[in-house]
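Have a look at the sequence and the structure, and then read on for its metal site, its pockets and a hairpin.

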Amino acid sequence: MRKISLSRFLIEEQREKNVISSELRLLIEVVARACKGISIAIGKGGLAGVLGSAGSDNIQGEVQKKLDVISNEILLEANEWGGHLAAMASEEMELPHPIPNRYPKGEYLLLFDPLDGSSNIDVNVSVGTIFSVLQCPEGVTPDEQAFLQPGVRQLCAGYAVYGPTTLLVLTLGDGVNVFTLDRELGSFVLTQENVRIPEDTREFAINASNARYWEAPVKRYVDEMLAGKDGPRGQDFNMRWVASMVADVHRILSRGGIFMYPIDSKTVAQGGKLRLMYEANPMAFIVEQAGGAATNGHERILDIQPQRLHQRVPVILGSKNEVARVTAFHTNTASAS
Ligand code: AHM
Ligand code: MG
């Protein structure tokens, strides 16, 4: 396989395939550089005093970790000055972040969850950064309304996983590619091309401590898997739950599986747990581009028309046939044979 750098990969996508513009190429390079900065900060951990709570809450009412705040600042600072963005929006900030007047403005909108899975930071388990890029509608002020576009309009999405290795997973709407950070070179290098998620799987990911709050279709689906070879599925299933969406999705990208954070009676008032714009849409885009599927139990995630920047949604994604099965349980339009 060609061991080429992210820079070379992007230049080829622009020059030979015409998949991206030079401004979008710059944007992705800048986001990748910011992810390297976040990776370094996370890697220092307790040595740099970056673990623990920041002593503040974010817009979601969740306690912010110091590294949530640091990662958000790294992404904002890196992306402000390049001239490629109209505005940014972050899971950690109530309102969109405008580009300061001293810098030129571009045509793209960048959305990010700066540090996904941050409850895992202090226990040294994988965390990540998720991002999504939209076009700012022409002649429109880049306010909250400009961001409220369905996921099908994403031009690019990706995530970094800060695990034993730091990876960057990227889609430009032309398949999914994985880059590994070469720490000596300080550059991301292509290590997996055109990743495909197997259509079938025997592995599922869900926070089973919420079981008593689930709706009937999810309960039925999980119960059938738990019954294993003695139940209607006639085979045993394995379960994994990292509680970092980036890590759970990356496992699915690597060997198949289904990930669920469904609606339940605890989160029904807020619409679910995961955020549509910062988590569900970019991950759904990546998973679909790798041959998988993503729904909220009723419809394709990428077709949802967002109503609010911080909107939450139920998420079911991964191996196509399993996502179809549990979605059918919700809609009752197909038999569960
Ligand atoms: P975060 O963005 O505040 O870290 O929250 C999102 C995370 C996901 O990464 C993960 O799938 C989920 O929350 C875990 O939730 P729970 O702790 O309820 O299992
Ligand atoms: Mg998150």
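Donors are N, O and S atoms within 2.8 Å of the metal (3.2 Å for Na, K and Ca), and since water is not among the atoms, sites may look incomplete. This is a predicted model, in which local features need pLDDT of at least 70 and side-chain atom pairs count only at pLDDT 80 or more, while totals for chains, interfaces and linings use all residues. Residues are numbered from 1 along each chain as its sequence is written, chains are lettered from A and ligands numbered from 1 in the order in which they are written, and side-chain values use heavy atoms, with hydrogens and water left out.

**The magnesium site**

- Along the sequence, the donor residues of the magnesium ion (ligand 2) follow the spacing D-x2-D-x162-E.
- D116 in strand 5 and E279 in helix 7 (residues 276-289) are 163 residues apart, so this pair links distant parts of the chain; helices (H or I, at least four residues) and strands (E, at least two) are DSSP runs, numbered from the N terminus.
- The protein donors are D113 (OD), D116 (OD) and E279 (OE), at 1.8 to 2.2 Å from the ion.
- D116 counts as buried because its relative accessibility is 5%, and E279 counts as buried at 1%; buried means under 20% relative accessible area, exposed over 50%, and partly exposed in between (1.4 Å probe, protein chains only).

**The largest pocket**

- About 440 Å³ of space lies in the largest pocket. A pocket is an open set of points on a 1 Å grid over the protein atoms alone, where a 1.4 Å probe fits, with protein on both sides within 12 Å along at least five of seven lines; lining residues have an atom within 4 Å of a point. The volume is the space filled by probe spheres set on the points, which are joined across faces, edges and corners.
- Among its 26 lining residues, G117, S118, S119, K273 and R275 are the closest to the centre.
- The lining has eight nonpolar, seven polar and 11 charged residues. Ala, Val, Leu, Ile, Met, Phe, Trp, Tyr, Cys and Pro count as nonpolar, Asp, Glu, Lys and Arg as charged, and the others, Gly among them, as polar.
- Domain 1 (6-192) and domain 2 (203-336) both contribute to the lining, so the largest pocket lies between them; the domain bounds come from an automatic or database domain assignment.

**The second largest pocket**

- This pocket holds about 330 Å³ of space, and of its 21 lining residues I42, G43, N124, Y162 and G163 are the closest to its centre.
- Helix 2 (residues 22-44) gives the most to the lining, with five residues.

**A hairpin**

- Strand 9 (residues 176-182) and strand 10 (residues 187-192) pair in the antiparallel sense over five bridges; two strands pair if DSSP finds at least two bridges between them.
- Four residues lie between these strands in the hairpin, and G186 in the turn has a positive phi of about 70°.
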